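Let's take a walk through a protein together, one piece at a time. Keep the picture open and follow along.

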Amino acid sequence: MIVLFETAAGYALFKLLDEKKWKKSDDLFHDFETPDRASQIVKLKQFKKFKDTTEALAATTAAVEGKLTKSLKKLLRKEFAGAEEELLVADAKLGNAIKEKLEINVVSNNAVNELMRCIRSQTESLISELSRKDITAMELGLAHSLSRYKLKFSPDKVDTMIVQAVNLLDELDAELNNYIMRCREWYSWHFPELGTLLTDNMQFIKTIKIIGTRDNTKTCDLSDILPEDIEARVKTVAEMSMGTEITEQDITNIWYLCDQVIEITDYRSQLYDYLKSRMMAVAPNLTVLLGEFVGARLVAQAGSVLNLAKHPASTVQILGAEKALFRALKTRKETPKYGFIYNSPLVGQASQAFKGKMSRMLAAKVSLATRVDALGDDSSMSLGVEHKATLEHKLRLLEEGSSRRISGTAKAKAKFEKYQVKREVTQYPTAADSTLKAGKRKPLIEEIDTEVPPPKKVKSEVKDEPAEEADEVTNGVTEESSPDKKKKKKKKKKEQAEMELMENLGVPSDWQIVDVYGLEPDLLATVPQPVLAVMLLFPVTENMERLKDKEEERVRNSGDNSVSKDVVFVKQLVSNACGTMALIHSIANNLESIKLQDGPLKKFIEDAKHLNAEEAGKLLESSDIAKVHDEIAEEGQTKAPDPEVNVNFHYVAFVEHQGNLIELDGRKAFPIPHGSTTKENLLQDSTKVIRQFMEQDPENIQFTMMALAPSFA
């Protein structure tokens, strides 16, 4: 097998020495780690160097287009004369061209691409004729030449000028609007009545340039700018103006602003003429139909005239109204009927009732005209003129309400019915709404008797029902609780279970477990301070298990000794009790803040003081804490799972100990340190670690975060 390798310096042909290894693309890069190992896979057979940058540029552009150059054709014919070997080529298009013209068996797939990447990594050692410095210089020179070539022969370069011009026009309009509004507001402090008399912006600006302060109005000649009647009114109002006095320095700065407005206005007129000439040269038919400005907006939105020609008429119609379209699709409202095309003269001439129909007809003609401009050889505007005349005729028929059809044969007549006021009132048949079979139906709201029936006696079976259901039986009717009420009841039961568990363990009522509703700073600020511990409930997935093994491996390899031996850590040996374990870890490592009362937890901490994590776990298994856990679980909102059942959720706790953030997980072999922290920043620093947990399963939302915080009740 022969490998065709293309470089910036020339064509290289390599002989593939080991044909079995190149197909193993997953491990191929190991065989090219060193020059010696690479030379055992491929060997340079022939190298055809380019004469100059011009030849290299021609070869590169031909390769991009999938064409075969004369030099490459000559090289391959000489090499494969009478041989039946296969040729490995990276580019599939170039491979097809070689196969068609030279009748050589060509192979081009992912394995070949991987082989090319490996050869490229050892190019300097495999091609002895080239040094690293020469290769770098040739690659840089070829890249510059190719960029200049693409820019020189870019078919979109004229379109780019249109796009830039129309975008600059929009920016100039925005700047002009800001400058003129600022000038009006500024000068109105001195002569407020002038802004009311002169609504034209350029008349207003030029009048300020001539008169300066209002005291000079009487002696100034404004006949070149204003009509005689308006000039007389300006001079009369100036004598009795209510404005404040300004200094010569103030009017000088206002003049500078006026000069800027006049200069930008003149440049805008010049730019508009430039845009008009460009549009007539590039897209004459589109310009005739829509006008220069609207046509340029469509070209700018599409990117080029060619891209606009590829759009169907339905897309051209709403081009520029993308936000309104997606908002309508999201809210299931009516989609927009027009985008930029709304500002065209033809749609503007139509009445409100026919704007949608006219925009649809105009978009169809614009789509045809743009394709002629982009792909046609003729640069005339005859098609645009013809389509415009047709649309104007159809618009006239629409507005006049002619009896002839707008589309179809001219002889066909359309029937127009006159609207007549119908005085009779018909009643809507409500029975027609039902699609069910006729039979006994439920009464309508109007048919229900508003009188409340006497309360029925509740049978004695109610006594056997739970107390919560019996309370809901009122006047003999059992009300079904809404989802919100059920959630509140579940939350209340959960809080009661947590409080009862902490009370039975001997934790004083000064401390409580609170929910953390989010990781954002404003939500964290709602948690009472100081936070002694943070607990996280997360789903146990394969990604979480990999993270667990990775953290344990990190601590083992680093030999991190930041975790003090004073940290209370218990190995979890009791099944389905991770929540209780997290609570024990949270309380036992904050005894300086929590004054434990006599109870099973205080006794367990004293007994396990000198035991390791495994021994403490066995002690917990036989302690009174396990019994308290089982009792509370049976009284909770759901039935406690059996110890043999595999629960797919797990609790961990985060505490601060001697300035370090410690993760305590009964399933892990030891505590996991996560850097430094303080008691004040425990909650914020814990959220950074919790984000790492959540990033393992970004699509999963089953994460719950709680904090051990003071109770102010």
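**Starting from a hidden histidine**

"Buried" stands for under 20% relative accessible area, "exposed" for over 50%, and "partly exposed" for anything in between, using a 1.4 Å probe and protein chains only. Before going further, know that this is a predicted model, where local features need pLDDT of at least 70, side-chain atom pairs count only at pLDDT 80 or more, and totals for chains, interfaces and linings use all residues. Residues are numbered from 1 along each chain as its sequence is written, and side-chain values use heavy atoms, with hydrogens and water left out.

So where does His585 sit? You'll find His585 in helix α25. Helices here are DSSP runs of H or I with at least four residues, strands are runs of E with at least two, and both are numbered from the N terminus. Leaving aside residues up to four places away in sequence, His585 touches Val568, Phe569, Val570, Ala653, Val655, Leu664 and Gly666. Touching, or contact, means heavy atoms within 4.5 Å.

Now look at the whole of helix α25, residues 578-588. This helix lies across β8, β9, β10, β11 (660-664) and β13 (704-710), and runs at about 5 degrees to β10. Angles like this one run from 0 to 180 degrees between N-to-C directions, with axes taken as lines fitted to C-alpha atoms, for helices over the stretch in contact.

Those strands bring us to a sheet. In what order do its six strands come? The order is β8-β13-β9-β10-β11-β12, in an open sheet with antiparallel pairing. The edge strands, each pairing on one side only, are β8 (511-516) and β12 (672-676). On average, neighbouring strands of this sheet are turned by 25 degrees against each other, direction ignored. As background, strands of a sheet pair through backbone hydrogen bonds, either parallel or antiparallel. Two strands count as paired if DSSP finds at least two bridges between them.

Zoom in on one pair: strand β9 (residues 533-539) and strand β10 (residues 649-657) are joined in the antiparallel sense over seven bridges. Here Met535 stands opposite Ala653 in β10, and Ala653 is also one of the residues that His585 touches.

Helix α24 (residues 542-558) lies across β9 and β12, running at about 70 degrees to β12. It also takes part in a salt bridge: Arg667 pairs with Glu545, their closest N and O atoms being 2.9 Å apart. A salt bridge here is a side-chain nitrogen of Lys or Arg within 4 Å of a carboxyl oxygen of Asp or Glu. This pair links distant parts of the chain, with Arg667 in the loop between β11 and β12 and Glu545 in helix α24, 122 residues apart. Arg667 is partly exposed at 27% relative accessible area, and Glu545 counts as partly exposed at 27% too. Elsewhere, salt bridges that share partners join Lys548, Asp549 and Glu552 into one network.

How many salt bridges are there by this rule? The count comes to 21. One of them joins Arg117 to Glu114, with 2.9 Å between the closest N and O atoms. Both residues lie in helix α5 (residues 110-121), three residues apart, about one turn of the helix. Arg117 is partly exposed at 48% relative accessibility, whereas Glu114 is buried at 17%. In helix α8 (residues 157-188), Glu185 and Arg182 also lie three residues apart, about one turn of the helix, and their side chains meet in a salt bridge (3.4 Å, N to O).

Finally, let's look at the cores. A nonpolar core is a set of buried Ala, Val, Leu, Ile, Met, Phe, Trp, Tyr and Cys residues joined through side-chain atoms within 4.5 Å. The largest has 60 residues, and those with the most contacts inside it are Tyr187, Leu275, Leu290 and Leu362. Helix α12 gives the most to this core, with 10 residues. A second, separate core of 35 residues includes Leu505, Ala588, Val628 and Ala653.
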